[in-house]
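Please read it alongside the sequence and the coordinates.

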Amino acid sequence: MSDLDGKVVLVTGGSRGIGAACVRALAAAGASVVLHYGHNRAAAEAVAAGLPTDACLLVEGDLESASAPAAIWGDAVAWRGHVDVLVNNAGIFEAAGIDADPDAWRRAWQRTLTVNLVAPADLCREALGHFRTRGGGIIVNIASRAAFRGDTPDHMHYAASKGGLVALTRSIARGFAADNVLAYGVAPGFVRTDMAEDFVRVHGEPAVTDDIPLGEMATPDDVANIVAFLASGKARHATGTTIDINGASYVR
Ligand SMILES: NC(=O)c1ccc[n+]([C@@H]2O[C@H](COP(=O)([O-])OP(=O)(O)OC[C@H]3O[C@@H](n4cnc5c(N)ncnc54)[C@H](O)[C@@H]3O)[C@@H](O)[C@H]2O)c1
């Protein structure tokens with residue numbers, strides 16, 4: 001595949017899990033990839049080491065910090081002079097139920113909304129301004145099945161953040177189509193990553209797979225292949241849609 005030759009793609013949370021698989025798939029399709037990571041530079045370097053020389057720029061940034069999205073975007077654009085595709089992948093999935101201490105509950109809501117919704121929105125804002133000067137661009141936001149199905153009582157804030165991300169994506173698709181901006185959501189169910197393993201440790205694997213007609217969790221590559229396809233621009237008239245990757249565990 002060389003759909004992405006000459007394209008620059010920013011992937012947030014690219015040092016592990018779905019993000020790392022996206023970085024690899026996008027680079028394999030010919031893209032120059034800006035790999036954003038939180039704190040773990042060694043993990044980011046390990047992903048970059050598997051890519052062609054000069055195919056990848058590492059950019060650090062804590063998405064809980066209000067100044068991080070603009071700084072990350074600035075570094076990404078400075079590398080090759082432009083960015084063509086933004087993939088908002090970084091996210092957190094932490095538990096906070098109604099029996100939690102009220103302050104802890106509120107902190108969990110604020111942290112989750114900040115990382116999963118406000119930071120991606122800030123990056124979309126930066127991308128939209130840039131795309132308008134370049135005649136267009138593509139945004140792929142990694143949401144979740146939880147946006148449509150809801151989540152457990154301990155993860156209502158996570159579901160709310162991902163529902164917000166889907167609504168943001170749809171608004172961008174409608175509001176910026178005239179600027180040649182395409183925007184897509186991707187909604188995984190369970191994907192075998194560290195994030196899902198934490199849930200499996202608490203609830204057990206059957207609690208996850210019994211609910212999936214395909215009988216198994218998706219792999220990070222299942223998601224990355226869809227992201228690389230959307231980034232190619234070959235799904236122009238599907239803008240605004242969110243693609244489900246959940247083994248038919250939630251068919252909308
Ligand atoms: N794994 C699943 O089952 C699943 C299901 C649905 C949706 N998703 C979504 O897919 C995306 C990737 O998930 P994953 O399973 O690869 O998870 P993961 O925990 O393996 O990776 C998450 C990434 O986000 C980054 N990140 C988290 N908080 C950050 C912060 N404050 N600043 C900077 N980076 C930060 C991490 O460093 C990491 O690279 C997330 O948005 C997640 O919500 C995952």
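A crossing of two helices is called right-handed if the near helix is turned clockwise from the far one by less than a right angle, and left-handed if it is turned anticlockwise. In this predicted model, the crossing of H1 and H9 is right-handed.

**Helix pairs**

Two packed helices are described by the angle between their axes and the distance between the axes.

| Pair | Angle | Axis distance |
|---|---|---|
| H1 (residues 17–28) and H9 (residues 220–231) | about 50° | 8 Å |
| H3 (residues 68–80) and H4 (residues 102–134) | about 40° | 9 Å |
| H4 and H6 (residues 156–175) | roughly 15° | within 8 Å |

H1 and H9 pack at an angle of about 50°, which means that H1 is oblique to H9. On the H1 side, the contact comprises Gly17, Ile18, Ala21, Cys22, Arg24, Ala25 and Leu26. These residues meet Pro220, Asp221, Val223, Ala224, Asn225, Val227, Ala228 and Ala231 in H9. By class, the contact of H1 with H9 holds eleven nonpolar, two polar and two charged residues.

For H3 and H4 the axes are 9 Å apart and the angle is about 40°, so H3 is oblique to H4. H3 passes H4 in a right-handed crossing. H3 contributes Ala68, Pro69, Ala70, Trp73 and Val77, while H4 contributes Ala119, Asp122, Leu123, Glu126 and His130. The contact of H3 with H4 has seven nonpolar, one polar and two charged residues.

H4 also packs with H6, their axes crossing at roughly 15°. Angles under 35 degrees count as roughly parallel, and H4 is therefore roughly parallel to H6. H4 passes H6 in a right-handed crossing. From H4 the contact includes Ala108, Trp109, Thr112, Leu113, Asn116, Leu117, Pro120, Ala121, Cys124 and Leu128. From H6 the contact includes His157, Tyr158, Ser161, Lys162, Gly164, Leu165, Leu168 and Ile172. By class, the contact of H4 with H6 has twelve nonpolar, five polar and one charged residues.

**The sheet**

Seven strands form an open sheet with parallel pairing, in the order E3-E2-E1-E4-E5-E6-E7. E3 (56–60) and E7 (242–245) stand at the edges with a single partner strand each, so one side of each has no neighbour in the sheet. From one strand to the next, the twist averages 15°.

**The ligand shell**

Which residues come nearest to the ligand? Of the 26 residues around the ligand, these are Gly13, Gly17, Gly38, Gly91 and Thr193. H1 and H7 (194–203) each supply at least two residues of the shell. The shell residues divide into 13 nonpolar, nine polar and four charged. Gly17 is also listed in the contact of H1 with H9.

Note on methods. Residues are numbered from 1 along each chain as its sequence is written. This is a predicted model: local features need pLDDT of at least 70, side-chain atom pairs count only at pLDDT 80 or more; totals for chains, interfaces and linings use all residues. Axes are lines fitted to C-alpha atoms, for helices over the stretch in contact, and angles run from 0 to 180 degrees between N-to-C directions. Helices (H or I, at least four residues) and strands (E, at least two) are DSSP runs, numbered from the N terminus. Angles under 35 degrees count as roughly parallel, over 145 as roughly antiparallel, 65 to 115 as roughly perpendicular and the rest as oblique. Two residues are in contact if their C-beta atoms, placed from the backbone, lie within 7 Å. Ala, Val, Leu, Ile, Met, Phe, Trp, Tyr, Cys and Pro count as nonpolar, Asp, Glu, Lys and Arg as charged, and the others, Gly among them, as polar. A residue is near a molecule or strand if its C-beta atom, placed from the backbone, lies within 6 Å of it. Two strands pair if DSSP finds at least two bridges between them.
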